Amino acid sequence: MGEPVGAAVTEPFDAIEVIRAKRDRRALSDAQVDWVVDAYTRGVVADEQMSALAMAILLNGMDRAEIARWTAAMIASGERMDFSGLRAPDGGPRPTADKHSTGGVGDKITLPLAPLVAVYGVAVPQLSGRGLGHTGGTLDKLESVPGWRAELSTAALMAQLQDVGAVICAAGAGLAPADKKLYALRDVTGTVEAIPLIASSIMSKKIAEGTGTLVLDVKCGSGAFMKDEADARELARTMVDLGRDAGVNTSALLTDMDTPLGLTAGNAIEVEESVEVLAGGGPADVVELTVELARAMLAGAGVTGVDPAEALADGRAMDVWRRMIAAQGGDPDAALPRARESHVVTAPASGVLTRLDAMAVGLAAWRLGAGRARKEDPVQAGAGVRMHAKPGDEVRRGQPLLTLLTDTPGQFDRALAALEGGFEIADTGSERARDFAAGPLILDRIG
């Protein structure tokens with residue numbers, strides 16, 4: 001299908017010349033980028049033409065100027081939010097900070113992080129999404145809290161930020177609508193992995209959101225979108241550059257996702273674990289990453305001389321969490337949903353657990369009903385995987401290793417199939433067990 005009749009008369013470019021330029025490894029001009037993003041959003045450039053261009057970008061890349069311009073064009077396709085009206089207690093402008101994770105298994109960090117940062121007077125407008133495939137979605141987790149609602153008007157969002165200091169909600173459809181259309185196309189054309197398009201997709205929404213400081217949690221490993229550390233590092237660097245070029249104080253942590261975060265992967269069970277962290281407990285890796293991201297967000301917002309770990313220990317972060325949940329209709333005291341059925345996976349041998357594969361656990365949780373294959377699919381609030389050991393722990397033959405949770409017991413077989421080969425136990429006296437040491441959670445800091 002070609003361009004609409006008359007397009008050559010009214011349009012400054014045609015799609016074919018833009019495709020050929022990138023196919024032939026030439027940089028696109030600012031005018032070409034602006035036009036092709038806008039024309040695709042308007043329907044002048046057909047899906048098959050944008051598919052060809054996306055594949056050319058995947059194969060031949062983009063330079064920093066091209067990616068920045070592409071991101072700006074995506075932002076220009078919609079509205080931009082403005083938090084300049086938020087006031088600090090002294091009447092001055094209130095700083096804003098946000099975090100974005102590239103997704104993983106058991107990644108519930110946003111839940112304790114947003115109220116923790118808000119304790120220190122920084123407003124946290126955390127516009128989040130839903131899970132797809134083996135990676136969980138923040139909104140899916142929070143919707144397991146009875147009464148909690150993800151959809152807020154702009155006025156309600158601003159009022160909650162001013163009053164409570166933290167909001168976790170769905171992003172409005174008006175932010176970077178070009179990205180929504182292009183993402184759906186990339187998903188069905190084998191071009192999701194193009195780093196320029198990943199970076200511009202994430203950053204167009206985050207820059208349009210209007211936050212002053214942005215900290216990126218770029219994950220790498222088996223359960224991450226980026227399996228290879230070099231690719232994850234390139235993505236992190238690209239996004240940091242995009243943010244800074246747009247005037248947003250941007251930095252990134254490169255973090256490990258070979259092993260799930262914490263001891264839960266699901267929805268309600270991850271909320272439960274997040275509340276444990278807010279109560280001063282919880283798994284050490286979740287606490288570590290929450291505190292490190294909080295420090296980075298606070299430093300970017302100009303807040304120094306504080307230790308966010310103290311606000312977890314003394315209950316201040318929990319107070320903000322309760323107010324944040326209640327402000328969005330949720331009952332912070334309500335019992336969370338529980339799965340009707342469970343199945344325990346026991347350790348097949350005694351020894352040291354030396355591997356617990358994040359992808360295997362994520363797929364199992366997905367198949368149990370915690371995730372979805374399509375955006376419109378429902379999720380089970382109580383479904384997921386509860387882990388009873390992490391790599392480095394000693395286990396005994398027959399002791400519980402994982403508990404699978406679901407309302408649909410017919411899913412257990414598929415979940416168990418996903419877990420085959422997903423964990424390893426080394427004999428206690430073996431060289432592998434003796435020399436085993438869990439790798440660092442935070443692999444690098446960028447920016």
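## Ground rules

Because the model is predicted, local features need pLDDT of at least 70 and side-chain atom pairs count only at pLDDT 80 or more, while totals for chains, interfaces and linings use all residues. Residues are numbered from 1 along each chain as its sequence is written, and side-chain values use heavy atoms, with hydrogens and water left out.

Helices (H or I, at least four residues) and strands (E, at least two) are DSSP runs, numbered from the N terminus.

Let's start with strand β5, residues 249-256.

Strands pair when DSSP finds at least two bridges between them. β5 pairs with strand β4 (residues 213-220) in the parallel sense, over eight bridges, and valine 215 stands opposite serine 251 of β5. Between the two strands the chain passes through helix α11 (residues 229-245), and this β-α-β crossover is right-handed: with the strands pointing away from the viewer, the path from the first strand over the helix to the second runs clockwise. β5 is also joined to strand β13 (residues 442-446), antiparallel, by four bridges; here alanine 252 stands opposite isoleucine 446.

## An open antiparallel sheet

Elsewhere, four strands make an open sheet with antiparallel pairing, in the order β6-β9-β11-β7. β6 (264-266) and β7 (341-346) are the edge strands, each pairing on one side only. From one strand to the next the twist averages 15°, taken between axes that are lines fitted to C-alpha atoms, with angles running from 0 to 180 degrees between N-to-C directions.

Inside this sheet, β9 (residues 384-387) and β11 (residues 400-406) run antiparallel and are joined by four bridges. The bridge partner of methionine 387 is leucine 402 in β11.

## The second largest pocket

On a 1 Å grid over the protein atoms alone, a pocket is an open set of points with protein on both sides within 12 Å along at least five of seven lines, whereas a cavity is a set where a 1.4 Å probe fits but cannot get out; lining residues have an atom within 4 Å of a point. Grid points are joined across faces, edges and corners, and a volume is the space filled by probe spheres set on the points.

The second largest pocket has a volume of about 490 Å³. Its lining has 23 residues, with Asp256, Thr259, Pro391, Ala438 and Gly439 nearest the centre. The elements giving two or more residues to this lining are α13 (284-300) and β8 (351-356). By class the lining has twelve nonpolar (Ala, Val, Leu, Ile, Met, Phe, Trp, Tyr, Cys and Pro), seven charged (Asp, Glu, Lys and Arg) and four polar residues (the others, Gly among them).

## The cavity

The whole structure holds one cavity of 30 Å³ or more, and the space in this largest cavity is about 100 Å³. It is lined by 17 residues, of which His134, Thr135, Gly136, Ala365 and Ala370 lie nearest its centre. β6 and α16 (358-370) each give two or more residues, and α16 has the largest share, with four. The lining of this cavity divides into ten polar, five nonpolar and two charged residues.

## A buried loop residue

Finally, valine 44 is found in the loop between α3 (30-42) and α4 (47-60). Valine 44 is buried, with a relative accessible area of 11%. Its C-alpha atom is separated by 25 Å from that of alanine 65, 21 residues apart along the chain.

Methods: Buried < 20%, exposed > 50% of the residue type's maximum accessible area, 1.4 Å probe, protein only.
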